[in-house]
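I want to go through the charged pairs, then the rings, then the record's annotation.

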Amino acid sequence: MSGKSLETDQGISMEELFINKTVVNSSSTSNSSGSSENFHQSQTAKVLQVTLWSTVVLLGIIGNLLVCTIILGLPKMKTPMNNYLLSLAIADLGVLTLLFPINVIHHIFAVGWVLGKFFCLYLFPTLEIFFGASIWSITTIAIERYRSICGANRYRIKSRSQMRTKLAIIGVWLASFLVSSVPVYPMMAYSPDPPTCYQIWPDAKGKNAVYLAYSLALVVLWYIVPLAVIAFTYIKIKKRVRESVVFRNSMSITDDDKAGILSPSSQSKKRQEKQSLNQSNKTRRILTPLVIFFCVTMLPLNVIRTVILFAPKFISNPYFDLIFGQVIFFVVINSSVNPVVYYITSKEFKDAFKKIFQKLRAKEYLFTPLGLGSRRTSSSLVRVNIGRENCRQPSKNLDRNNSNVELINANVQVISGV
């Protein structure tokens with residue numbers, strides 16, 4: 001058991017850092033969990049912190065569910081880019097509904113592992129997938145934008161078929177599983193007394209090289225490489241657009257001299273170019289804030305992973321819990337803010353959100369005033385009957401026009417009563 005303890009104390013995976021924070025494999029670890037857990041936080045501060053987290057998470061879940069509903073429910077929203085946004089929303093829902101609750105349980109009860117053997121051995125290693133699927137969905141959007149502007153099939157929007165988009169999304173999730181989960185499955189271990197979930201990494205030469213390689217690969221593949229790819233696409237697209245603007249300006253004089261002589265193929269090419277650039281601008285308005293938020297909010301987590309990678313004893317720092325809590329909050333913000341970005345930057349999403357809110361408001365107006373509405377309806381129906389009786393029995397003192405006016409007023413009252 002001491003050998004396992006030595007190995008696991010040196011090897012702390014991202015899942016353990018994010019959820020369990022310590023490998024609860026030895027008596028020393030359990031003691032630290034019981035004595036130093038939230039040592040620098042009062043119970044009130046802890047409750048307020050978890051309440052703030054839960055509020056943000058709830059709003060994030062609602063927002064991402066609305067995004068999924070809009071993309072799946074509206075045919076006009078089923079575009080290639082929106083399919084990637086759907087993949088991103090699903091990944092964010094995974095973070096908010098799985099990673100966050102597990103962490104809250106640990107944060108409140110200060111226990112090692114309460115979810116049982118099956119979750120530890122088979123589901124726990126898959127949690128890392130959501131981070132990979134999230135960032136690489138954003139990165140794939142940037143790559144598609146680059147292909148549409150700078151690639152061999154530029155300006156050919158129809159060439160980006162739905163099938164190819166779906167295959168790319170499946171590839172993103174499959175690659176995330178192969179890179180982050182498959183290497184962890186053989187390392188998982190569970191101990192029932194006390195309930196403990198931990199990983200045992202091979203350490204032949206005492207340097208824990210396998211764990212270091214795995215953790216370093218995640219930092220590189222889940223943060224550094226995607227941001228580098230996105231930056232590359234931005235630079236290339238900006239250069240291409242600048243060249244295109246210069247070319248159009250240089251040709252404007254010739255076009256003025258030869259107005260009306262452009263061939264149909266040239267006109268079609270110009271229309272395709274304009275359409276592609278407009279679509280690229282729409283994508284850029286959504287993609288830029290997504291990348292900025294990801295870069296800022298996921299930086300603390302990757303920094304603390306890197307620190308623990310080279311200084312494992314940092315996890316025993318008495319202020320680690322306080323620091324780690326703020327890191328969690330940044331991760332929660334990253335998974336919750338995207339629907340707000342869509343609402344602000346995309347007219348299509350804004351209109352779809354408004355339609356949903358209007359329908360919800362209409363249902364609220366329909367069901368809320370039932371108590372008063374029944375009274376209004378009954379009185380209005382009486383007035384309708386009176387109006388109808390007046391129409392059937394003509395009076396000498398009232399002419400036909402007055403009875404029609406009374407009937408119209410009664411109908412208006414019916415509508416207002418309902």
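Predicted model: local features only at pLDDT ≥ 70, side-chain atom pairs only at ≥ 80, totals over all residues.

**Entry 1: R164 and E144.** I looked up R164 and found a salt bridge to E144, with the closest N and O atoms 2.8 Å apart. R164 sits in helix α8 (residues 162-181) and E144 in helix α7, so the pair ties together parts that are 20 residues apart in sequence. My criterion for a salt bridge is a side-chain nitrogen of Lys or Arg within 4 Å of a carboxyl oxygen of Asp or Glu. Helices here are DSSP runs (H or I, at least four residues; strands are E, at least two), numbered from the N terminus. R164 is partly exposed at 28% relative accessibility, whereas E144 is buried at 13%. For those labels I used under 20% relative accessible area for buried, over 50% for exposed and partly exposed in between, with a 1.4 Å probe and protein chains only.

Residues are numbered from 1 along each chain as its sequence is written, and side-chain values use heavy atoms, with hydrogens and water left out.

**Entry 2: the other salt bridges.** How many salt bridges does the structure hold? I get 3. One of them joins the side chains of R305 and E128 at 4.0 Å, N to O. R305 is in helix α11 (residues 299-310) and E128 in the loop between α6 (116-123) and α7 (129-150), so this pair ties together parts that are 177 residues apart in sequence.

K347 is exposed at 61%, and D351 is partly exposed at 28%.

**Entry 3: rings.** Searching the whole structure gave me 14 aromatic pairs. The rings of F349 and F353 have centres 6.4 Å apart and planes at 35°, so I logged the pair as tilted. The rule: rings of Phe, Tyr and Trp (its six-membered ring) pair if their centres lie within 6.5 Å, with planes under 30 degrees apart stacked, over 60 edge-to-face and the rest tilted. F349 and F353 are 4 residues apart in helix α14 (residues 347-367), again about one helical turn. F349 is buried at 1%, and F353 is buried at 4%. Which residues do ring pairs link into a cluster? I have Y342, Y343, F349, F353 and F357.

**Entry 4: charges over rings.** K350 lies over the face of Y343, 5.5 Å from the ring centre. I count a charge as over a ring if NZ of Lys or CZ of Arg is within 6 Å of the ring centre and within 35 degrees of the ring normal.

**Entry 5: the UniProt record.** The unreviewed UniProt entry places "transmembrane region" at several spans, including 167-185 and 286-311. Its positions are in the numbering used here, feature names are shortened, and annotations may be inferred rather than shown by experiment. In the model, residues 167-185 are 79% helix and 0% strand, with end C-alpha atoms 26 Å apart. For residues 286-311 I get 92% helix, 0% strand and 38 Å between the end C-alpha atoms.
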